[in-house]
Amino acid sequence: MPDTSFLIPLLLQGVLAPFAAAAIAALALRRAVGGPAATALAVAAGFLTSYAATVQGAWSLSPQSAMDWQPWVVLAAVGGALLVDRAPAGVRLFLARAVLGVLLSFVVVWPAIGSLGAVKASTAAVVAGIVIAAAWSVRTRGLFAGDTHPLQLAIIAGGAGLAMMLDSSQTPGRLAGALAVALAACAVIGRFRTPAGSAAVGTTLLVLGSLLLQAQVYAGFPLVYVALLAAATVADIAPALLASRGRSAITWRAKAASIALTLVPVAVVVGLAVKGMQDSGGY
Amino acid sequence: MNAFAFPIAAAALSLAGAAFANTAPAPAPAGTYKIDAVHSGAFFEVGHLGGVSRFMGRFRDMSGELVVDAPEKTRVKVEVKTDSVDSNHDGLDKHLKSPDFFSAVQYPTMTFTSTGLTLNPAGEGTLAGNLTLRGVTKPVTFKLRHVGTGKGMKGEQRVGYVATGTIKRTDFGVNFGAPNAATDDVDLRINIEAVKQ
């Protein structure tokens, strides 16, 4: 009989716990705070439940490492996402998102300043924050048919998680997987019809960005993987533009193309990570 | 046993005993010694998969200093670069350097600073001190063996020690996969050869 001592905790911590927490939160909050905010809060609840179950010594009141900071980053991400979306659309909204992205990214790279130096660490935080804000702004400009579906974000988070786990960033990888599961739970509760909404998109991108930044800065997760995953967040821009020009007849095709285009860079990243693991012999 | 066997065996044991007594190393001359990184090493060993087998790795970059004096004045300081961890497997090395284990970017060094030393005439004793790993400092006590004292190729004074001990990695925040993937108890062995300055 196969040894399930590794698999069962992984399923409990990374799948069942975030799914249940996100689903309960989405159901409970839907009427209280409205759909979009409920989705963002449910994603955060699912992620934090998995974090508490996965990371030993979690919720440190005196965070030392980037992973110690992660729950506070998530809380700030969801709170910040709900808050900045009140800013008027346009440049000010983008700037508000960029400031939030840079601040949270800086929290992630802060413990590495001693090794990286202030300039390199700050540059990484600024670039990460701006990329997150740009992806968030593009995804919520109304270009995408039916807005952003939670499963589309789940594909990116799940692929990123798998790639990080294959590339030796086990804990960030597992947590990215939990983020994907939380998004899937929101999709189920929304009967696969409810879009993610701006706050949930922002929360997801901020949390996933912080995990990828951790993996890159602290464990050498390849930059090309990060770039491909960032591209995946807006890979469906072309069919979205076509659909937004009134070609309603091809909307379903645009949606299919949208998912396919999102899948391509994600699949490439996972493929590269599998090859990298095989080349190093696995262990 | 025939009549001659006992005296022969006794003589052999006596010779062996004399030889063993002679293995006690000459005391190291007092002074400051610098660790010779080429002939020194820091090794760790854990039980893999909760104890199915013993898995060993090492750190390739180690430096430090010994001040040899009377035991109460003797001091040892060892610094190990966590980025130099070597498990003989590139993929595993990358994981060991990550925040799941040594977090080499945030904590590039692991240090040991002695606080007390005992050494008997046979060259065996204990080395107590503070081990700092991942920013956590805990007292640890190693078993210490003075291996030898002698001259190098250029006539320089050299001295060798081996320190062995066991720590719990979770005490230092190295929690990943404990104890199912790798045991909490980690055996450490530090082989030191140092050159008198």
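Visitor: How do α7(A) and α8(A) run relative to each other, roughly parallel or roughly antiparallel?
Guide: Keep in mind that this is a predicted model. The axes of α7(A), residues 150–166, and α8(A) come within 7 Å and cross at roughly 165°. Angles over 145 degrees count as roughly antiparallel. So the answer for α7(A) and α8(A) is roughly antiparallel.

Visitor: What kinds of residues make up the contact of α7(A) with α8(A)?
Guide: On the α7(A) side you'll find, among others, A:L151, A:A154, A:G158 and A:M165, and they meet a set in α8(A) that includes A:P172, A:A176, A:L183 and A:C186. Sorted by type, the residues of this contact are one charged, five polar and 17 nonpolar.

Visitor: Where does helix α3 of chain A bend?
Guide: That helix covers residues 66–84 of chain A. Its bend is about 30°, and the spot to look at is A:W72.

Visitor: What covers the buried residues of α3(A)?
Guide: Quite a list of residues in α3(A) is buried, including A:W69, A:V73, A:A77 and A:G80. Residues three or four places apart in an α-helix point the same way, because there are 3.6 residues a turn. The cover over the buried residues of α3(A) includes α2, α4, α8 and α9 of chain A.

Visitor: Is A:L7 buried or exposed?
Guide: You'll find A:L7 in helix α1 of chain A, which spans residues 7–33. A count of 12 or fewer C-beta neighbours is the cut-off for exposed. A:L7 has 10 of them inside 10 Å, so A:L7 is exposed.

Visitor: How far apart in space are A:L7 and A:A52?
Guide: Along the sequence, these two sit 45 residues apart. Going from C-alpha to C-alpha, the distance between A:L7 and A:A52 is 18 Å.

Visitor: How many residues of chain A are in contact with chain B?
Guide: Chain B brings 18 residues to this meeting. On that side of chain B, 10 are polar, five are nonpolar and three are charged. On the chain A side, the number in contact is 24.

Visitor: How many strands are there in chain B?
Guide: Read along the sequence, chain B goes α-β-β-β-β-β-β-α-β-β-β-β-β. That pattern holds two helices, and the number of strands is 11.

Visitor: What share of the residues in chain B is buried?
Guide: Chain B has 197 residues in total. The buried ones make up 27%.

Visitor: What is the phi of A:R191, and is the residue buried or exposed?
Guide: Most residues other than glycine have a negative phi. A:R191, in the loop between α8 and α9 of chain A, is not a glycine, yet its phi is positive, about 55°. With 7 other C-beta atoms within 10 Å, A:R191 is exposed.

Visitor: What is the phi of B:N88?
Guide: B:N88 lies in the loop between β6 and α2 of chain B. With 9 C-beta neighbours inside 10 Å, B:N88 counts as exposed. B:N88 is not a glycine, but its phi is positive, at about 70°.

Note on methods:
Residues numbered from 1 in each chain as written. Chains lettered and ligands numbered in written order. Predicted model: local features only at pLDDT ≥ 70, side-chain atom pairs only at ≥ 80, totals over all residues. Bend = angle between axes of the 7 residues up to and from the residue. Helix = DSSP H or I, 4+ residues; strand = E, 2+ residues; numbered from the N terminus. Buried ≥ 20, exposed ≤ 12 C-beta atoms within 10 Å, placed from the backbone. Contact = placed C-beta atoms within 7 Å. Axes fitted to C-alpha atoms, helices over the stretch in contact; angles between N-to-C directions. Parallel < 35°, antiparallel > 145°, perpendicular 65-115°, else oblique. Nonpolar A, V, L, I, M, F, W, Y, C, P; charged D, E, K, R; others polar.
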